[in-house]
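Please consider the model shown below.

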Amino acid sequence: MTRKRVVMESVLFAAAIYIGYFVFMVLQGMVLTQRYVRDLDLTRQYEQSESLQTQVAFGVIERTSEWFIIAAIGGFIGLGCLYGSVRWMLAKRRPLS
C-alpha cells in the first residue's frame, strides 16, 4: 500500500464524515420544520397589533467566527490524520502474500 493511497483514503474518509454530518443537520432541520405547529389562537390575538414586530425578534443571526473555521479545518485534518495513521499501521502489520 502506497502512501499516496493512504492519504487519498484519509481525505475521502474525513470528507465523508463531514458531509454526513451536514446531511444529518439538513434532514433534522427539514423534519423540525415540517413538525412545527403554530399556536393559531396566539397569532389571532396579535393580528391587529403593529408593535409585535418591534417586540419580538424572528430568526437567528449567525456570525461566523474565525475560531469556528479554524476548528473545522483542524478537525478535518485531525480526522484524516487519525484515519491515515491507523490505516498505515494496519497495512504494515498485515503480512504481504
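At what angle do helix 1 and helix 4 pack, and how far apart are their axes? Before the answer, some conventions are needed. This is a predicted model, in which local features need pLDDT of at least 70 and side-chain atom pairs count only at pLDDT 80 or more, while totals for chains, interfaces and linings use all residues. Residues are numbered from 1 along each chain as its sequence is written, and side-chain values use heavy atoms, with hydrogens and water left out.

The chain has four helices and zero strands (DSSP runs, H or I of at least four residues for helices and E of at least two for strands, numbered from the N terminus). Of its 97 residues, 7% are buried (under 20% relative accessible area, with a 1.4 Å probe and protein chains only).

Helix 1 (residues 3–34) packs against helix 4 (residues 66–93) at an angle of about 135 degrees, and their axes are 8 Å apart (lines fitted to C-alpha atoms over the stretch in contact, with angles from 0 to 180 degrees between N-to-C directions). Helix 1 is therefore oblique to helix 4 (angles under 35 degrees count as roughly parallel, over 145 as roughly antiparallel, 65 to 115 as roughly perpendicular and the rest as oblique).

Among the residues of helix 1 that meet helix 4 are Val6, Glu9 and Phe13, and those on the helix 4 side include Phe76, Tyr83 and Arg87. Glu9 is buried, with a relative accessible area of 18%. Not counting residues up to four places away in sequence, Glu9 touches Tyr83 and Arg87 (contact means heavy atoms within 4.5 Å).

Notes
Buried means under 20% relative accessible area, exposed over 50%, partly exposed in between (1.4 Å probe, protein chains only).
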